[in-house]
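Hi everyone, thanks for coming. I'd like to walk you through a model, so please have a look at the screen while I talk.

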Amino acid sequence: MKNTLSDNDLQRQLRADDKKALESVYLSYKQAFLNYAKRYDIATSDVLDIYQDAIIAMHQNFVTSQLELQNSTIKTYLFGIGKNKIFKTLKAQQRVIRVDVENDNYTEIKIEEELPTANQHALAKRLSELSETCKTVLQLFYYRNLTIEEIVGLTHYKDANTVRSHKSRCLKHLKTLFKVN
């Protein structure tokens, strides 16, 4: 299905929360997204969920943030959201580690070994030597993949800059523990 509206007109309608425009985008790019996602080893039902989540995220960005795309099309923006959601899904399933080679070319590395490596044991030992506040900040940021702002909401820190500086000091301390031992 080809859009009969220009991309700018479609964006304007999406910002106005036009459900017909949203339906048009959904139907126009669904098959192309499904074909794009075939390069990843994800079940079709999961890909459909990811596509729907990407559509919802895109719609919310247009309606609530009044998004205006200057340098890309709606399709490019939607596929970018979808691609990030695909990688989050793969990461959550711990099946693929993404290594950025050049621009948009990725190398996929299958994870077969589930046992902790020597490096992981060493990291666990060094983490146990940190203060509880350092452990908490580093675990929230690196293990749970929370943003700095989300960490501010979950902890006693007053703002994002405080969390950033504390995380930086804790990471620096952790690195020195590796050098000492």
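First, some housekeeping. This is a predicted model, where local features need pLDDT of at least 70 and side-chain atom pairs count only at pLDDT 80 or more, while totals for chains, interfaces and linings use all residues. Residues are numbered from 1 along each chain as its sequence is written, and side-chain values use heavy atoms, with hydrogens and water left out.

So, the layout. The protein has 8 helices and 2 strands. Along the sequence, the order is α-α-α-α-β-β-α-α-α-α.

How much of the protein counts as buried? The figure is 32% of the 181 residues. Buried here is under 20% relative accessible area, exposed is over 50%, and partly exposed is in between, using a 1.4 Å probe and protein chains only. As for contacts, meaning heavy atoms within 4.5 Å, take those with a separation of 6 or more: residues 24 or more positions apart account for 55% of them.

Helix α1 covers residues 7-15, and its buried residues are Leu 10, Gln 11, Gln 13, Leu 14 and Arg 15. Those residues pack against α2 (19-37), α3 (44-64) and α4 (74-92). Have a look at Gln 11 in α1. Gln 11 counts as buried because its relative accessibility is 3%. Leaving aside residues up to four places away in sequence, Gln 11 touches Phe 62, Leu 67, Glu 68, Leu 69, Ser 72 and Ile 74.

After α1 comes Asp 17, in the loop between α1 and α2. Phi of Asp 17 is positive, near 60°, in a residue other than glycine. Asp 17 is partly exposed, at 33% relative accessible area.

There is another one like this to look at further along the chain. Asn 145 is not a glycine either, yet has a positive phi of about 55°. You'll find Asn 145 in the loop between α6 and α7 (148-154), and at a relative accessible area of 44% it is partly exposed.

One stop in α3, where Asp 53 lies. Asp 53 is partly exposed, with 40% relative accessible area. Asp 53 and Gly 82 are 29 residues apart in sequence, and their C-alpha atoms are 7.9 Å apart in space.

How many disulfides does a search of the whole structure find? The search finds 1, where a disulfide is a pair of cysteine sulfur atoms within 2.5 Å. The bond joins Cys 134 to Cys 170, with an S to S distance of 2.1 Å. The pair links distant parts of the chain, 36 residues apart: Cys 134 is in helix α6 (residues 132-143) and Cys 170 in helix α8 (residues 160-180). Why is this disulfide called left-handed? Because the torsion about the S-S bond is about -75°. Cys 134 counts as buried at 10% relative accessibility, and Cys 170 counts as buried at 1%.

That brings us to α8 itself. In α8, the buried residues are Ala 160, Val 163, His 166, Lys 167, Cys 170, Leu 174 and Leu 177. Seen down the axis, they fall within an arc of 125°, so they line one face of the helix; the arc is that of the directions from the helix axis to the C-beta atoms. On the other side of α8, the exposed residues are Asn 161, Arg 169, Lys 172, Lys 175, Lys 179 and Val 180. What do the buried residues of α8 pack against? They pack against α5, α6 and α7.

Last, a helix pair. In α5 (residues 118-128), Leu 123, Leu 127 and Ser 128 meet Lys 135, Leu 138 and Tyr 143 in α6.

That's my tour, so over to you for questions!

Technical notes. Helix = DSSP H or I, 4+ residues; strand = E, 2+ residues; numbered from the N terminus. Axes fitted to C-alpha atoms, helices over the stretch in contact; angles between N-to-C directions.
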